Amino acid sequence: MVFTTLLAFVGVTASVAQAASLKPRVTCPNGQNAQNTVCCDFFALRDDLQAHLFDNQCGETVHEVLRLSFHDAIAFSKAQGPSAGGGADGSMLIFPNVEPNFFANLGISDGVGDLLPFLQNHSTITAGDLIQFAAAVGITNCPGAPQLEFLAGRPNATAPAIDGLIPEPQDSVDSILARMADGGNFSPDEVIALLSSHTIARSDHIDPNITKAPFDTTPFTFDTQIFLEVLLKGVGFPGSANNTGEVESPLPLTVGADIGEMRLQSDFAFAHDSRTACTWQGFVDEQQAMANAFKNAMAKMAIIGNQRSALVDCSDVVPQPVPASGKHAT
């Protein structure tokens with residue numbers, strides 16, 4: 001009887017899956033197929049971003065736009081209410097002379113400047129959608145990155161967010177976890193998953209004497225190297241010492257234009273804190289686990305301040321990512 005019931009359940013599940021795969025799709029004016037007509041305009045935006053911003057490469061603009069997607073979204077507070085910020089609402093682009101001037105957003109104006117022309121040229125797409133879609137598209141150029149979910153339909157911001165909502169590298173683990181819980185109901189594990197983004201990040205401003213300082217030795221590959229290297233013993237700095245938010249790096253040697261590795265104070269603290277150390281260490285050489293956790297956390301991040309039920313799934317417009325290299329963390 002149990003076996004018969006199980007077979008019946010499997011049959012129902014297969015039927016549901018088949019029905020989902022046969023869900024009607026629309027043909028866009030450009031001939032592309034999409035799940036919804038809302039998604040059609042994103043094909044042209046995708047191709048424009050890849051050709052004229054990212055150059056189909058995991059370069060500096062990908063880093064900048066991914067950072068912008070986080071800073072725009074986390075500017076939200078359950079405790080302080082809607083007047084604090086709208087979350088993933090594009091306020092960084094709508095008010096480019098306000099939030100980008102906050103100290104925690106130092107350098108974010110590069111990403112804002114990158115995207116403003118696309119906002120003008122693709123007038124049917126809102127600022128919040130543009131930021132999150134650009135991040136989803138850009139990261140697919142980085143080997144090993146997951147294909148992020150993208151939901152469309154965020155309304156444009158009506159006011160800028162207040163200052164003080166962006167976590168900074170000199171903040172304590174307590175402070176960052178509290179801010180992330182207030183801003184997006186993120187658990188400690190989800191915070192570490194979001195920090196996977198540091199595997200393709202570089203710093204231009206923590207040390208005023210150097211730019212493009214990577215956080216691991218593979219800043220153009222979405223891999224687990226960041227989780228290994230942060231655990232290594234620090235021996236020095238890629239530039240000057242005593243910079244706010246920076247601690248000693250295990251690989252600081254700068255040779256000519258090749259800047260040595262920078263280690264953030266907050267990354268080091270998370271790697272050793274009892275609430276997050278197991279998750280941090282558990283990602284070492286676990287590419288798929290890290291990528292899946294990042295994808296899930298980003299799906300949550302990208303819709304902060306919005307109702308999921310009011311958005312349209314356009315994930316099929318996001319390109320397939322470049323596959324992981326298959327190399328082990330060393």
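Me: In this predicted model, how are helix α5 and helix α6 oriented to each other?
Reply: Helix α5 spans residues 108-121 and helix α6 spans residues 127-139; they pack at an angle of about 125°, and their axes are 10 Å apart. Angles of 65 to 115 degrees would count as roughly perpendicular and those over 145 as roughly antiparallel. That angle therefore makes α5 and α6 oblique.

Me: OK, and which class of residue makes up the contact of α5 with α6?
Reply: On the α5 side you've got L115, F118 and L119. From α6 come A127, L130, I131 and A134. Sorting them by class gives no polar and no charged residues, and the seven in the contact are nonpolar.

Me: What arc do the buried residues of α10 cover around the axis?
Reply: Helix α10 runs over residues 265-272, with S266, D267, F270 and A271 buried. In general, an α-helix has 3.6 residues a turn, so residues three or four places apart point the same way.

Me: Is F237 buried or partly exposed?
Reply: F237 lies in the loop between α9 and β6, where it touches E246, V247, E248 and P252, leaving out residues up to four places away in sequence. Buried would need under 20% relative accessible area. F237 has 24% relative accessibility, so it counts as partly exposed.

Me: And how far apart in space are F237 and E261?
Reply: Along the sequence, F237 and E261 are 24 residues apart. Going C-alpha to C-alpha, their separation in space is 7.8 Å.

Terms used. Residues numbered from 1 in each chain as written. Predicted model: local features only at pLDDT ≥ 70, side-chain atom pairs only at ≥ 80, totals over all residues. Heavy atoms only, no water. Axes fitted to C-alpha atoms, helices over the stretch in contact; angles between N-to-C directions. Helix = DSSP H or I, 4+ residues; strand = E, 2+ residues; numbered from the N terminus. Parallel < 35°, antiparallel > 145°, perpendicular 65-115°, else oblique. Contact = heavy atoms within 4.5 Å. Nonpolar A, V, L, I, M, F, W, Y, C, P; charged D, E, K, R; others polar. Buried < 20%, exposed > 50% of the residue type's maximum accessible area, 1.4 Å probe, protein only.
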